[in-house]
Amino acid sequence: MSDIFWGLPDPDLHEDFYADVPVKRLIAWVIDTLLILLLTVLVLPFTAFTGLFYFPLLATVIGFVYRTVTLAGGSATPGMRLVAIELRRANGQRFDVVTAAMHTLLFSIFFSFLLPQAASIILMLTGPRRQALHDLLLGTAAINRAAAS
């Protein structure tokens, strides 16, 4: 049987790539959420403040664009960069635009519902590669960034 995650570090041989990833993802999520809220507030004047009437939708759209663009640009959001993790595809490559958009879409959908979000948390805490539900479906994983030499 072949490993579908052949391009990712083996969690048994290279456990340091997955050490503390769930905690780092939580910290990155908080940082990114604050940045998305800041961006949304900065956009409000350009909507003549009518964005206040649909603020959650505006924040959702800005968040989707923010996550997709930053993941496509370096396989990590600014929050992820700050805590030194990045997302990789099953073949070990960084995200392209399509993978970033699909990852963001599934993340947003699963985050919106309790059971998929709970499943993601359980999977991140118990799985060998610390993958969330959307990571498993896409064949992606968050890993600790290798130190620059």
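**Close-up views of a predicted model**

View 1. The side chain of S75 places a polar atom 2.5 Å from the backbone oxygen of L87. Welcome to this predicted model, where the side chain of S75 also has a polar atom 2.8 Å from the backbone nitrogen of F95. Look for S75 in the loop that links α2 (55-74) with α3 (78-82).

**View 2. The surroundings of S75.** Is S75 buried or exposed? S75 has a relative accessible area of 1%, so it counts as buried. Setting aside neighbours within four places in sequence, the residues in contact with S75 are T70, E86, L87, R94 and F95.

**View 3. T99 on helix α4.** Here we move to T99, a residue of helix α4, which covers residues 97-111. T99 has 14% relative accessibility and is therefore buried, the cut-off being under 20%. Which residues does T99 touch, once those up to four places away in sequence are left out? They are R89 and T140.

View 4. Two or more residues of the patch come from each of α2 and α4. Helix α2 gives the largest share, with 5 residues.

View 5. V61 counts as partly exposed because its relative accessibility is 46%.

Key. Residues numbered from 1 in each chain as written. Predicted model: local features only at pLDDT ≥ 70, side-chain atom pairs only at ≥ 80, totals over all residues. Heavy atoms only, no water. Helix = DSSP H or I, 4+ residues; strand = E, 2+ residues; numbered from the N terminus. Buried < 20%, exposed > 50% of the residue type's maximum accessible area, 1.4 Å probe, protein only. Polar contact = N/O pair within 3.5 Å; in protein donor to acceptor, adjacent residues only side chain to side chain. Contact = heavy atoms within 4.5 Å.
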